Amino acid sequence: MRSIRILGAMALLGLSSGALAEEHIIKAVITNWVPLVTFAKPGDTLKFMQMAGHDTESIDGMIPEGAAKWKAKMGQEGFSVKLEKEGAYIYKCNPHMTTGMVGAVVVGEGEPANLAELDKALNDVKLGKNMVARTIKKMKQELQKAGRLK
Ligand SMILES: [Cu+2]
């Protein structure tokens, strides 16, 4: 009986280890980010792969309040970003954002708190604005499907 309890406790520990930080691989494929929308939790990291001819940069005003901006060098293989703050992050590849290379990351549970800020910041995007809008729309569709929009 006692050993069964210990096994039960170990199973619980095993479950909680599932909450450890994860690494999410984002690949540059032709002029797209795959996946287009990434779901993560605080403490996770993004790792950008197949980066020859690409860079990655967070878009101004399109990351959660207090989150760190990022910008990789061109072709910086394995560039990684630690995600500390909950909310939505929109990022681009500078050479290809006008052809649709704009991605989204949602960190945390429920509805991202900065959706209204994204819409506001969209007004300040000049180059590739329609592609940024498209990615935000796809992110919202995925949130909707998951029942995460209020
Ligand atoms: Cu690119």
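Biologist: Where is Pro 35 placed in this predicted model?

Modeller: Pro 35 sits in the loop that runs between E2 and strand E3 (37-40).

Biologist: Why is Pro 35 called partly exposed?

Modeller: Pro 35 has 15 other C-beta atoms within 10 Å. A buried residue needs 20 or more, and an exposed one has 12 or fewer. The count of 15 lies in between, so Pro 35 is partly exposed.

Biologist: How far apart are Pro 35 and Ile 25 in space and in sequence?

Modeller: Their C-alpha atoms are 8.5 Å apart, and in sequence ten residues separate Pro 35 and Ile 25.

Biologist: How do you know that strand E1 and E2 pair?

Modeller: Pairing takes at least two bridges between the strands. Strand E1 (residues 23-29) and E2 have three bridges, so they count as a pair, and its sense is antiparallel. Val 29 has Asn 32, in E2, as its bridge partner.

Biologist: What is the strand order in the open sheet of four strands?

Modeller: The order is E2-E1-E4-E6, and the pairing is mixed.

Biologist: How many helices and strands does the protein chain have?

Modeller: The protein chain has three helices and eight strands. Its elements run α-β-β-β-β-β-β-β-β-α-α from the N terminus on.

Biologist: What share of the protein chain counts as buried?

Modeller: Of its 150 residues, 29% count as buried.

Conventions. Residues are numbered from 1 along each chain as its sequence is written. This is a predicted model: local features need pLDDT of at least 70, side-chain atom pairs count only at pLDDT 80 or more; totals for chains, interfaces and linings use all residues. Helices (H or I, at least four residues) and strands (E, at least two) are DSSP runs, numbered from the N terminus.
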